Amino acid sequence: MSARTRDGGPGGRDASPPGAGATRTPRQRLRALLRREAFAFGVLREVLGLSLRQLEEELRHVARSARGQGERLVAEPARCLACGFRFRDRETRHLHAPGRCPRCRSERIADPSYRLERRDEAG
Ligand SMILES: [Zn+2]
């Protein structure tokens with residue numbers, strides 16, 4: 001029986017070496033994850049084992065360094081699950097989800113999610 005993995009996403013090319021050891025830093029792991037698909041803030045925290053502030057810091061670094069690598073960090077803003085209110089950049093000074101909705105005061109806020117996108121399509 002052949003076990004075929006379904007790794008081949010639409011992106012195709014993956015820069016990270018396959019199974020390259022456990023010595024990668026959280027930042028490198030974060031980049032690898034975000035290149036594959038979008039992840040919610042809380043999920044990233046769990047996967048990488050970082051505190052809220054640590055993950056914010058890492059995301060800022062990734063966003064900044066992405067430009068030099070022909071990539072950009074795409075953020076899907078946090079959203080209120082109760083009324084659907086979307087937190088735009090203005091409302092979210094911080095990268096993690098805000099405590100409560102300014103419109104309906106609900107505390108059921110969906111985390112913002114992030115992914116890395118290549119920018120070389122325009123060339
Ligand atoms: Zn709301």
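Biologist: What order do the strands of the open sheet have?
Modeller: This is a predicted model. In it, the order is β1-β5-β2, an open sheet of 3 strands with antiparallel pairing.

Biologist: Which are the edge strands?
Modeller: β1 and β2 (71-76). Each of them pairs on one side only.

Biologist: And how many bridges do β2 and β5 pair over?
Modeller: 6 bridges, in the antiparallel sense.

Biologist: Which residue is the bridge partner of Ala-75?
Modeller: Tyr-114, in β5. Also, Glu-76 stands opposite Ser-113 of β5.

Biologist: Switching to helices. Where does α1 lie?
Modeller: Across β1 and β5. The helix runs at about 80° to β5.

Biologist: What about α3, which strands does that lie across?
Modeller: α3 lies across β2 and β5, and runs at about 140° to β2.

Biologist: Back to α1. Which of its residues are buried?
Modeller: Leu-30, Arg-31 and Leu-34, in a helix that spans residues 26-36.

Biologist: Why do they line one face of the helix?
Modeller: Because, looking down the axis of α1, the buried residues fall within an arc of 100°.

Biologist: What do those buried residues pack against?
Modeller: Four elements are listed here: β1 (39-40), α2 (41-48), α3 (52-68) and β5 (113-118).

Biologist: How many residues are in the largest nonpolar core?
Modeller: 10 residues. Among them are Leu-30 and Leu-34, together with Phe-41, Leu-44, Leu-55 and Leu-59. Tyr-114 and Leu-116 belong to the core too, as do Ala-78 and Ala-97.

Biologist: Last one, Leu-116. Leaving aside neighbours within four places in sequence, what is Leu-116 in contact with?
Modeller: Arg-31, Leu-34 and Arg-35, then Ala-66, Glu-71 and Leu-73. Of those, Arg-31 and Leu-34 are buried residues of α1. Leu-34 is also in the largest nonpolar core, along with Leu-116.

Notes: Residues numbered from 1 in each chain as written. Predicted model: local features only at pLDDT ≥ 70, side-chain atom pairs only at ≥ 80, totals over all residues. Buried ≥ 20, exposed ≤ 12 C-beta atoms within 10 Å, placed from the backbone. Helix = DSSP H or I, 4+ residues; strand = E, 2+ residues; numbered from the N terminus. Arc of directions from axis to C-beta. Contact = placed C-beta atoms within 7 Å. Core = buried A, V, L, I, M, F, W, Y, C linked by C-beta atoms within 7 Å. Pairing = 2+ DSSP bridges. Axes fitted to C-alpha atoms, helices over the stretch in contact; angles between N-to-C directions.
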